Amino acid sequence: MNFHQRENGDMEVSEIDPLLAFLMVEGIRQEEEEWDCIAESFLATPLAEDALFSQDWKEYVQPGLLTLFKSCHAHVITDLENMKREQLHGAQDGLATLLIPAAHREAWLRILNVARLSLAARHRLHD
């Protein structure tokens, strides 16, 4: 695998093995029930002993964060689907190239962090 930053700020990851490309796409997909788990686990009220704060958090903060994460997720999925299409139609050797536009970098960082937290919660890993 090769990493390269283009002059316009886009990141390019080239010569990605087909199995790794498949795992990247499948590993980032989130089913609706996983978003519910994320909301319960990571967006739970930080100060449960304050009932008014808890109510405000659930009503105003949590939905906004979920909307942000889902928007970021859509950007990442688009980039991965473009990689998948390019791999299927353009690559001679079956190797894939992933292009991450500069405008999607923050989305990628957020989603990779959500994926890390999701895996930790699913497998009960702490600290």
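Q: What does Glu86 count as, going by its relative accessibility?
A: Glu86 counts as partly exposed, because its relative accessibility is 30%. Buried means under 20% relative accessible area and exposed means over 50%, with partly exposed in between (1.4 Å probe, protein chains only).

Q: What kind of model is this, and how are the residues numbered?
A: This is a predicted model, in which local features need pLDDT of at least 70 and side-chain atom pairs count only at pLDDT 80 or more, while totals for chains, interfaces and linings use all residues. Residues are numbered from 1 along each chain as its sequence is written, and side-chain values use heavy atoms, with hydrogens and water left out.

Q: Where is Glu86?
A: Glu86 lies in helix H3. Helices (H or I, at least four residues) and strands (E, at least two) are DSSP runs, numbered from the N terminus. The C-alpha atoms of Glu86 and Thr97 are 7.5 Å apart in space, and the two residues are eleven apart in sequence.

Q: How many helices and strands are there in the chain?
A: The chain has four helices and three strands. Starting at the N terminus, their order is β-β-α-α-α-β-α.

Q: How much of the chain is buried?
A: Of the 127 residues in the chain, 31% are buried.

Q: What about contacts between residues 24 or more positions apart?
A: They account for 62% of the contacts in the chain with a separation of 6 or more. Contact means heavy atoms within 4.5 Å.

Q: Which residues does Glu15 contact?
A: Leaving aside neighbours within four places in sequence, Glu15 is in contact with Met1, Asn2, Leu95, Ala96 and Thr97. Glu15 is in strand S2 and, at 45% relative accessibility, counts as partly exposed.

Q: How far apart are Glu15 and Leu95?
A: They are 80 residues apart in sequence, with 5.0 Å between their C-alpha atoms. Leu95 is in the loop between H3 and S3. Leu95 also counts as partly exposed, because its relative accessibility is 26%.

Q: And Ala96, buried or exposed?
A: Ala96 is buried, with a relative accessible area of 0%. Ala96 lies in strand S3, and its C-alpha is 6.6 Å from that of Asp17, 79 residues away in sequence.

Q: What is the phi of Glu15?
A: Phi of Glu15 is near 55°, a positive value in a residue other than glycine. Most residues other than glycine have a negative phi.

Q: Switching to H4: what should its span be, and what is it in the model?
A: H4 covers residues 105-122, and its 18 residues should span 26 Å at 1.5 Å a residue; the end C-alpha atoms are 26 Å apart, so the two agree. The expected span is 1.5 Å times one less than the number of residues.

Q: Which residues of H4 are buried?
A: Ala107, Trp108, Ile111, Val114, Ala115, Ser118 and Ala120.

Q: Which residues touch the most other members of the largest nonpolar core?
A: Ile16, Val76, Leu80, Met83 and Leu98 do, in a core of 22 residues. The elements that give two or more residues to this core are S2, H1, H2, H3, S3 and H4, and H3 gives the most, with seven residues. A nonpolar core is a set of buried Ala, Val, Leu, Ile, Met, Phe, Trp, Tyr and Cys residues joined through side-chain atoms within 4.5 Å.

Q: What does Val76 touch?
A: Not counting residues up to four places away in sequence, Val76 touches Ile28, Ala107, Trp108 and Ile111.

Q: What is the volume of the largest pocket?
A: About 190 Å³. On a 1 Å grid over the protein atoms alone, a pocket is an open set of points where a 1.4 Å probe fits, with protein on both sides within 12 Å along at least five of seven lines, and lining residues have an atom within 4 Å of a point. Grid points are joined across faces, edges and corners, and the volume is the space filled by probe spheres set on the points.

Q: Which element gives the largest share of the lining?
A: H4 does, with five residues. H1, S3 and H4 are the elements that give two or more. Leu23, Ile100, Trp108 and Arg116 are among the lining residues.
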